[in-house]
Amino acid sequence: MTILERQAVRPDMYGWAVDVRASDLAQRRRAVVDILQLWGAPDSVVETARLGVSELLTNVLAHSGRADCYLLVARVGGLVVVQVFDASPSLPVLREPASDGTCGRGLWLLREMADDFGYARTWLGVGKVVWFACALASLDGSASCGRAC
């Protein structure tokens, strides 16, 4: 049984309860890439998702004070949506990074590459969700590459 079969919520949605460890990031990225390839996502979307999964899971470790979260990948119409839920109510702070800065670039870059990006506190106020979305194809049917292209 593959990781896709074990983690499928339904054919257009996959989710994992994750205890984030730096050593597991490659496995999580690979699982998301496998799903996107199964759905026929263009390479540009796969690469944005690879970066996004790394950034969102790394931020759970760096900023939430806990390592547990939930990673959800869903196909919603013509979009791929990746969400990470964690227990911290602290929302991300996005600002354009300084040219000589050594941190603070990840979410800003993700927001620029994805077709949509956002975050919100969960409805119970117990934590938050940070998400991004990429179009599987542009309106003319060609592969989408997000806002960065």
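This report walks through the model's confidence, its core, its surface and its salt bridges.

## How to read the model

This is a predicted model, where local features need pLDDT of at least 70, side-chain atom pairs count only at pLDDT 80 or more, and totals for chains, interfaces and linings use all residues. Residues are numbered from 1 along each chain as its sequence is written, and side-chain values use heavy atoms, with hydrogens and water left out.

The pLDDT is the predictor's confidence in each residue, from 0 to 100. For this chain the mean pLDDT is 84, and 82% of the residues reach 70 or more. Residues 1-5 have a pLDDT below 50, and this stretch has 9 contacts in the model beyond near neighbours in sequence. Contact here means heavy atoms within 4.5 Å.

## The inside

A nonpolar core is a set of buried Ala, Val, Leu, Ile, Met, Phe, Trp, Tyr and Cys residues joined through side-chain atoms within 4.5 Å. Buried means under 20% relative accessible area, exposed over 50%, and partly exposed in between (1.4 Å probe, protein chains only). The largest such core has 33 residues, and the members that touch the most others are Trp16, Val32, Leu36, Leu57, Leu71, Val73 and Phe132. Among the elements that give two or more residues to this core are helix 2 (25-38), helix 3 (43-63), strand 4 (79-86) and strand 6 (128-135). Helix 3 gives the most, with 7 residues. Helices (H or I, at least four residues) and strands (E, at least two) are DSSP runs, numbered from the N terminus.

Is valine 80 buried or exposed? With 2% relative accessibility, valine 80 counts as buried. Valine 80 sits in strand 4, and its contacts, leaving aside neighbours within four places in sequence, include Leu36, Trp39, Val73 and Phe132. Tryptophan 39 is 41 residues away from valine 80 in sequence, yet their C-alpha atoms are 9.3 Å apart in space.

Threonine 48, in helix 3, is buried too, at a relative accessible area of 3%. Not counting residues up to four places away in sequence, threonine 48 touches Leu110, Met113, Ala114, Phe132 and Cys134.

## The surface

Now look outside. Valine 126 lies in the loop between strand 5 (116-121) and strand 6; its relative accessibility is 52%, so it counts as exposed. Together with Trp123 and Leu124, Val126 makes a nonpolar surface patch of about 440 Å². Such patches are made of residues with over 30% relative accessible area and no salt bridge; like charges are joined within 9 Å, and nonpolar side chains (Val, Leu, Ile, Met, Phe, Trp, Tyr) within 5 Å. Accessible areas come from the Shrake-Rupley method with a 1.4 Å probe, and for residues only the protein chains shown count as cover.

## Salt bridges

How many salt bridges does the structure hold? There are 7, each being a side-chain nitrogen of Lys or Arg within 4 Å of a carboxyl oxygen of Asp or Glu. The table lists some of them.

| Partners | N to O distance |
|---|---|
| Arginine 21 and aspartate 19 | 3.9 Å |
| Aspartate 34 and arginine 30 | 2.7 Å |
| Glutamate 47 and arginine 50 | 2.9 Å |

Aspartate 34 and arginine 30 are 4 residues apart in helix 2, about one turn of the helix. Glutamate 47 and arginine 50 are 3 residues apart in helix 3, also about one turn. Salt bridges with shared partners link Asp19, Arg21 and Asp24 into one network.
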